[in-house]
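Colleague: Before I rely on the terms used for this structure, I would like each of them set against its definition.

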Amino acid sequence: MDLSTTYLGLKLRNPLVVSSSSLCDSVDKLKALEEAGAGAVVLKSLFEEQIILEGEQMDATTSTAESFPEATSYFADIPMEIGPQQYVALVSKAKKALGIPVIASLNCVTAKNWAKYARQIESAGADALELNVYFLPTDPSRTSAQIEGTYLQIVEQVRKTVDIPVAVKLSPFFTAIPHMVSEISKRGVNGVVLFNRFYQPNLDLEEMKASSQLHLSRPEDCLLPMRWIALMYGRVKIDFAATTGIHDGKSALKVLMAGANVAQVCSVLFKHKAQHLSVMLRDMEAWLKEKEYASLSDIRGVLSQKTCPDPEAFERAQYIKIIVGHD
Amino acid sequence: MSSVDSAVKDRRPTLVTIDGNTAVAHVAHACSEVIAIYPITPSSVMGEISDEKSARGEKNIYGTIPFVCEMQSEGGASGAVHGSLQAGALTTTFTCSQGLLLMIPNMFKIAGELTSAVFHVSARAVATHALSIFGDHSDVMATRTTGWAHLVSGSIQEVMDMSMIAHTATLETRLPFLHYFDGFRSSHEVQKIEELSFDDMRYMLNEDLIAAHRARALSPDHPVMRGSAQNPDVFWQGRETCNPYYIACPDKVQKTMDKFAKLTGRQYHLFDYVGAPDAERVVIMMGSGAECAHEAVEALVAKGEKVGLVKVRLYRPFSVQDCVNAFPATVKAIAVLDRTKEPGGAADPLYCDVQTAIAELFADGKTPFKAMPRVVGGRYGMGSKEFSPAQVRAVLDNLKKPQPRNHFVVGIVEDVTHSSLEYDDSWSTEQDDVVRGIFYGLGSDGTVGANKNSIKIIGEETDGYAQGYFVYDSKKAGSMTVSHLRFGPRPIRSTYLITRANFVGCHQFFFLEKFDMLKQAVDGATFLLNSQYGPDEVWDKMPKLVQQRILEKKLKFYCIDAYKVAKATGMGGRINSIMQTCFFAISGILPREEAIAKIKVAIKKTYGSKGDAIVEKNWKSVDQTLENLHEVKVPGKISSLIEMPPAVSDKAPKFVKEVTGVMVAGLGDSLPVSKFPVDGTYPLSTARWEKRNIALEIPYWDKDICIQCGKCAMVCPHAAIRTKVFPPDALKDPPKTFQYMDFKDRELAGMKYSIQVFAEDCTGCEACVFICPAKDKKNPSRKSLNMGDQISVRMQERENAEYFLKLPDVDRDKVKQDTVKGSQLLVPLFEFSGACAGCGETPYYKLLTQLFGDRALISNATGCSSIYTGNLPTTPLCTNNEGRGPSWSNSLFEDNAEFGFGFRLAVDKFDEQARELVARVPVATSHPQLVEAILGAKQVGEPEIFAQRARVAELKKVLASATDLESKRLLTLADYLVKKSVWIVGGDGWAYDIGYGGLDHVLAAGRNVNLLVLDTEVYSNTGGQMSKSTPLGAVAKFAAGGKPIKKKDMGLIAMSYGYVYVATVAMGANDLQTVKAFIEAEAYDGPSIILAYSTCIAHGIDMKSGMDNQKRAVECGHWPLYRYNPALAAEGKNPLKLDSKAPKISYEAYAYQETRFKMLTKSKPEQAAKFLQQASENALAKWKYLEQLAGMSYELPAAPKTE
């Protein structure tokens, strides 16, 4: 069975792409993912904010000496690299070690470093770049248009800087997602990844403070990206990667049938390790065979809003029906 | 042209700006194959640099990376060196002081076996009446009889040069070489010097001799035996076989020096002379003091005086002929200056050698002198006492006298036996074309680092010469640094502090009220002040004395609000780059634009490894500096009424006012000998008189939110926040702002409760605020303790603290001592120490004194704890209202367990003797009930000890009037009938490494001693070197590549005895368990050891939240909590009780919150990942093992039947 697909102009042996996460932070792990069947991998994001914080922490904790004669320092003077160097090296090593496409992921907080780091990543050999853009709109005086404008500026800047394919990972918190995706598409971006999962802070009633905890996605979470991809497929000229809640072969098939080029998986691999990819692929293949599809490309978008027998199901009316039904 | 000649001809030396330790390490690492090391101030840096070089993969001149291996002590290091030498490797080590003394046995062996070796020593005082980390020659002089050659350096260039000469000459002569230079003055002074290249070193070293050294090695391929035992028939003859080597040595060293001169142009001799060719008065000495003397002699000769100086380069073997030949024939009087003291000797050593040389050769007619010169000797510069040209002049002037004073001291007022020479300190040899700057900064504000960069900029980017020397504080928190910088057109020989500055930088406004820093300014000098007040208002805010100095000396005055610039540019409290920029802008040493460009390059070099963001914000601060720098128009008159406050209060005891207070004021140099105790014994309770006022913010107590848990007092490293319970009727006229509330306790119902912050002693670490669990229900971001401005409440809190102390202390037997809350109602007998802000050790120390201080003897290993406890000027140990308190001493680093064990032996003997006497002395036995009660008292717990104390008091009353010998003897011993608590305290460097043999023996010996290991997992005091306690994967000094092996499990080792009480504690994870462990350990009638996890600045954490780091260490399984109480085993129960739960967070979640682990991920990420994985598995395995141990049945199986 031919499971191959095309994403961001890259030929993938299958549509299962491992999402950007700590699953993809070392060559050993990446090789294991490749062996388990991954179609491509998105490396753990390079977070500029983390680089800055690490630098601040190193500086704060190693620069407090020079005060006592017996200890004018407390740390060995060793060469350190706090910056994109290690990440760039990971890209380079991953490219050498893997046969599948290696997609880098970038999250910056300063305008100049989006372009600077993107260029370094491209030079290291990344096949594509996923921009993990995220600003939490906490300032009540900033309008949605201003925030969207910031996204688009970054996208434009990176697009002008690098020649490799670029995807943008978006959050679901846009007023007009299709418009946003359309604007991104106009700027020459090759794909969008829908949607970014954010850690939501919790409240600790004992300690009376906010707390953060990693929550893995649940299978039903894939409905959200599936809906928006189904709505936009064929309407916005751009590749789609669905991510969040894709835990088995059938959910992967669903997002592909909604119109996605690839299905990104993550949480389920934390639960069941890399080998789960092969299980998903096997299930997908079995379903395709059972339904007598010749190849995976045959199913892409067949259940998008354009060709779905029940197109209004993706729109608001369907919501009303459910409510009414429950009455 | 031969390759040797071309090495000389093509030589292009590099100029570097480095300190002495770096100069040594450059040569030693390059010329050695094996380096065995152990930390000791001020030598540690040589080992650190060597380790870092090898960790970075730097090769030596033979193209291989030297092995650098830390040992468990200097004794161990010298043993490893000896072994490595015997096995043929070119081997070296670095040490000084007590460390060198530990090497002496091996030094005899190495010399006796005629083995080529070099030890590099930053010469330091040996501990006698007190420990001193500073420089003199008492350590190296103690090795005079070992048979080692002594080669001495006086300047930083000489340190590098003599290092090379030592490594060369040892091969040429087969004698081992001790190369030394003065601790701190030379080890830490930064100078611009010429660096030797690897080609230079290859030129110097003779490969054939290296091969010969190897050929002598022990090898099964050409086996020999060494180290035989010999009988009276032959031992002596064998000992004399080395004579030809010693006779030949001086000449070979001179030849080596000549070869070196051919290479570098720097000609040294065994004894170098400077001064008038026809000098009549000559001083002879060695080390850095000779540089100062050189400068003084040149100045005197320029004035026409017939004086000179002989510098000793090769002190052993002492070439009498070369020594005598060094003096001009015209010399009439010679002063020999020693930097060591041999009490009881005929004289100090160099004097004896010189006197012998001259007398011996004069008698043989082998001197150029017409008449026998008069030779006198004197001591100078002990323990890094300042040695100035004025003192040299006094020494030379003394020689003018018909009867010059002999056996004098110079540099102190010795008013007991009246041996000191007077000198005129106003005489100076400083030259006008030398820029002389003094910079007063805080350790935390980066002043020293910036000044080091300034020296490098000027040293390496201009043709000028630069010198930097840095004076640090005796306190670790809020400490002041004073940087002394000279820049000039000639090499700088001024090995003394600047007292005539033409630039004074004060980087902290509050220093103005503490130190008369402008006293050091010359007329017309420039004064730069970091001031929160602008140029128009700063004048009126300064103390009167400062205004007076500015006017008197017509100083140019500049100010900048550096903290404002730092805040605006994200630099926080770091004002170093800002003040550095001001210095360059004002001093004009370099054109402004050029200076700024070079500062930026230096910033990139310094901070580049921490990322672009750090570099950029530093650059930004530089860019915003000049617009904020203002020249102050000095008004013509004094306007201030602010007087400099006295260093200590008038209420202080006489000794504190007359001695301690003078030291606190920074004027200790002026104290005469007669003011000091003769045997190093000092009173307690002196820290409370030194009101340092170093915290900008202190905790404010909101009693309405307080839940009276006592955690704030428990974690306070400085006893600067305390709790107290007192009866309501004790409240008489409290100050208006004194806060108190009802005590929430059933048993002490009706009592009042107060928390008091000692604002003037608080370091502002915030540990109490961080730990405070009581939150405002309506605004949980607010706690019962919140930080607030110190200065605005300073006076009221001073009054409140005094009132708080006067309130009665609660009866010790009425509080639940085994609780956190209860233990914190006990008076701490350890207060306001010099420990770091947020120190993780001192809360345990304080708890010890709260629980047992009134009957404790404490033996303290050398290290952080001995320094924050024992470093003058003030002592944090104190007494309670009855005058009782911990009696404390520090012997050495290596013998602490044995030292404390000795306390126990004496105390037990006295107890036994007193019991014997009580039972038989008639005066006592006539009170049978009292005697019975005394002898029968078990003294378990505080009430029983109180009761025994009362009985003993009664007994002493009875004995007071007795006249028989045994009654009198009993009176001197009676107090020992009250149980004493012996504590042996130290860090992991002591417990796991250097003192482990003794510690193990003391635990095994079974006596009732309590060991408290303040485990920071590194040698904290010397700057964070690896110990066997350092965790796997942590980066430490001497483990620059991350520690590759796991931490030694001291707890399990101690448990293996079965009769040792063992506890691991971590206050931040479980404070109640900590209290219980201390009480159980002390109550256990046998040896006990508490391993206390202590967060440290060397972990690379925010010390404010150190308790959270402790918690994580426990939660990940790195530091499981347990108590192993052998008393339970005696009851058939499992003695091991686990007090923490199975690991619940990842090892990463613990480790990567700390720079010591995290930095390896930025240096060697793959290695770091492997270490993390191993450490994680180790933690889980350890937990599993402990869990199984704790679950074991302790019921004994039936004994086999006897056949």
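This is a predicted model: local features need pLDDT of at least 70, side-chain atom pairs count only at pLDDT 80 or more; totals for chains, interfaces and linings use all residues.

Modeller: Residues are numbered from 1 along each chain as its sequence is written, and chains are lettered from A and ligands numbered from 1 in the order in which they are written.

Colleague: What makes E25 and E26 of chain B edge strands?

Modeller: Strands are DSSP runs of E with at least two residues, helices are runs of H or I with at least four, and both are numbered from the N terminus; two strands pair if DSSP finds at least two bridges between them. The open sheet has the order E25-E27-E26 in chain B, with antiparallel pairing. Strand E25 (721–726) and strand E26 (741–742) each have a single partner strand, so one side of each lacks a neighbour in the sheet.

Colleague: How do you know that E26(B) and E27(B) pair?

Modeller: Two bridges join E26(B) to strand E27 (residues 752–757) of chain B, and because the definition asks for at least two, they count as paired. B:Asp742 has B:Lys752 in E27(B) as its bridge partner.

Colleague: What joins E17 to E19 in chain B?

Modeller: Eight bridges connect strand E17 (residues 435–442) with strand E19 (residues 480–488), and the two run antiparallel; B:Val435 stands opposite B:Phe487. Both belong to an open sheet of nine strands with mixed pairing, ordered E1-E8-E18-E19-E17-E20-E21-E22-E23 in chain B.

Colleague: How are helices H1(A) and H3(A) placed against each other?

Modeller: Two packed helices are described by the angle between their axes and the distance between the axes. The axes of H1 (residues 27–36) and H3 (residues 85–97) of chain A come within 10 Å and cross at roughly 35°, where axes are lines fitted to C-alpha atoms, for helices over the stretch in contact, and angles run from 0 to 180 degrees between N-to-C directions. The contact (C-beta atoms, placed from the backbone, within 7 Å) is made by A:Val27, A:Leu30 and A:Lys31 of H1(A) with A:Lys93, A:Ala94 and A:Ala97 of H3(A).

Colleague: How many residues does each chain bring to the contact between A and B?

Modeller: Chain A brings 32 residues and chain B 44 residues. On the side of chain A, the largest share, eight residues, comes from helix H2 (residues 48–62) of chain A.

Technical notes: Two residues are in contact if their C-beta atoms, placed from the backbone, lie within 7 Å.
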